[in-house]
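User: I'd like to go through the labels on this model and hear what each one rests on.

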Amino acid sequence: MIRVRAVVSGLVQGVGFRYSAQEQAARLGVAGWVRNLPDDTVECEVEGPAEAVGTMVDWLRHGPRHARVGGVHVQDVPVTGAEGFRIT
C-alpha cells in the first residue's frame, strides 16, 4: 500500500474533474479524497496498491475530457488506512 498527494494545475476547475476523479478511483479501487484549492488547482490524495495508485496518477495527468492539465506535482505521504474516495 502507498499513498500520494497530487496537485493538478491547468484548466482543472469547472470541468467535472473532481467527480470524474471519484469515478476513476472507484473503478480502480483506490481510497482518498479530492478537492478544489483557491489557486484554481485540484489537490487529491490517493491510497491503495502501488499499481492502482500509479494508474490513478496517470489518469490525473490528463483528467476528464474538458480538462487541460498543465502539470501534476506528486509526493509520497504516509498511508492512513483510508476507505472510500470522497470529494471534500
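**What the labels rest on**

User: Why is Thr41 called buried?

Analyst: Thr41 has 9% relative accessibility. Buried means under 20% relative accessible area, with exposed over 50% and partly exposed in between (1.4 Å probe, protein chains only), so Thr41 counts as buried. Before we go on: this is a predicted model, where local features need pLDDT of at least 70 and side-chain atom pairs count only at pLDDT 80 or more, while totals for chains, interfaces and linings use all residues. Residues are numbered from 1 along each chain as its sequence is written, and side-chain values use heavy atoms, leaving out hydrogens and water.

User: Which residues is Thr41 in contact with?

Analyst: Contact means heavy atoms within 4.5 Å. Setting aside neighbours within four places in sequence, Thr41 touches Val7, Val8, Ser9, Val12, Gln13, Arg35 and Asn36.

User: What makes Phe17 and Trp59 a tilted aromatic pair?

Analyst: Rings of Phe, Tyr and Trp (its six-membered ring) pair if their centres lie within 6.5 Å; planes under 30 degrees apart are stacked, over 60 edge-to-face, and the rest tilted. The rule gives one aromatic pair. Phe17 and Trp59 sit 5.4 Å centre to centre with 55 degrees between the planes, hence tilted. Both residues are buried.

User: How do you know that the buried residues of α2 line one face?

Analyst: The buried ones are Ala52, Val53, Met56, Val57, Trp59 and Leu60. Down the axis of α2 they fall within an arc of 155 degrees, so they line one face of the helix. The arc is taken over directions from the helix axis to the C-beta atoms.

Definitions and conventions
Helix = DSSP H or I, 4+ residues; strand = E, 2+ residues; numbered from the N terminus.
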